[in-house]
Amino acid sequence: MISVFIVDDHPVVVEGIRSLLINEEGIFWAGHALNAASCISYFEKITVDVILMDINLPDKSGIELCAEIKKNKPSIQILALSTLNQPSYIRKMIENGASGYILKNADKEELLIAIKDVAAGKTHLCLEALEVVKHIYNCETGKPILTRREKEILILIAEGLTNAEMAEKLFVSQWTIDSHRKSIMTKLNTKNTAMLIKYAIENGLV
């Protein structure tokens, strides 16, 4: 059973998605919040598997809220659900810990697939988000472009260090390491550490 929570400031959107999911097998509707403050308050004592998160909220951007939730509740998977398809928003949500990004014009089937994917620890990106990811690749070689920090972390992953060990070595938080790890896996289209290391070795990234 996947517990799902939504934060969106439009009651009609909340009710519409609730009606889609409330009787769906394998999905438990955990509730909703109409703003970031209510969402943060809710998760002081309770947790869920997946949060469907809008970006435009009245009191704080979904990008900021995403980072805060992932810092305090790293086990929660966040799926951005927005009308915004601009590359900057998609990139920032992923960089701040979102495991997926889909648009509000998605149908029920895509929504359910996205929820199940992120709940299973996978990344789910809509076509528009995938286009953004494509721009991260080197046009001449076709290989992903990693930042200096991502290359550094990739090497440490290949050496077998845990998130905690990498955080201590690089003087950053474990959440920061986890965020970079997700970004690397998204760019390299890998689903786990073994696939990540295999790809990196085969493509000369480490």
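Reader: Where does Asp54 lie?
Author: In this predicted model, Asp54 lies in the loop that runs between β3, residues 50-53, and α3.

Reader: And is Asp54 buried or exposed there?
Author: Asp54 counts as buried, because its relative accessibility is 5%, and the cut-off for buried is under 20%.

Reader: Switching to the helices, at what angle do α3 and α4 pack?
Author: Helix α3, residues 62-72, and helix α4, residues 87-95, pack at an angle of about 10 degrees, and their axes are 9 Å apart. That angle makes α3 roughly parallel to α4, because angles under 35 degrees count as roughly parallel.

Reader: Which residues meet there?
Author: From α3, Gly62, Ile63 and Cys66 meet Tyr89, Lys92 and Met93 of α4. The residues of this contact divide into 4 nonpolar, 1 polar and 1 charged.

Reader: What about α4 itself, which of its residues are buried?
Author: The buried residues of α4 are Ile90, Met93 and Ile94. Looking down the axis of α4, these buried residues fall within an arc of 95 degrees, so they line one face of the helix.

Reader: Last one, what follows α4?
Author: Gly97 follows α4, and the phi of Gly97 is positive, near 110 degrees.

How values were computed
Residues numbered from 1 in each chain as written. Predicted model: local features only at pLDDT ≥ 70, side-chain atom pairs only at ≥ 80, totals over all residues. Heavy atoms only, no water. Axes fitted to C-alpha atoms, helices over the stretch in contact; angles between N-to-C directions. Helix = DSSP H or I, 4+ residues; strand = E, 2+ residues; numbered from the N terminus. Parallel < 35°, antiparallel > 145°, perpendicular 65-115°, else oblique. Contact = heavy atoms within 4.5 Å. Nonpolar A, V, L, I, M, F, W, Y, C, P; charged D, E, K, R; others polar. Buried < 20%, exposed > 50% of the residue type's maximum accessible area, 1.4 Å probe, protein only. Arc of directions from axis to C-beta.
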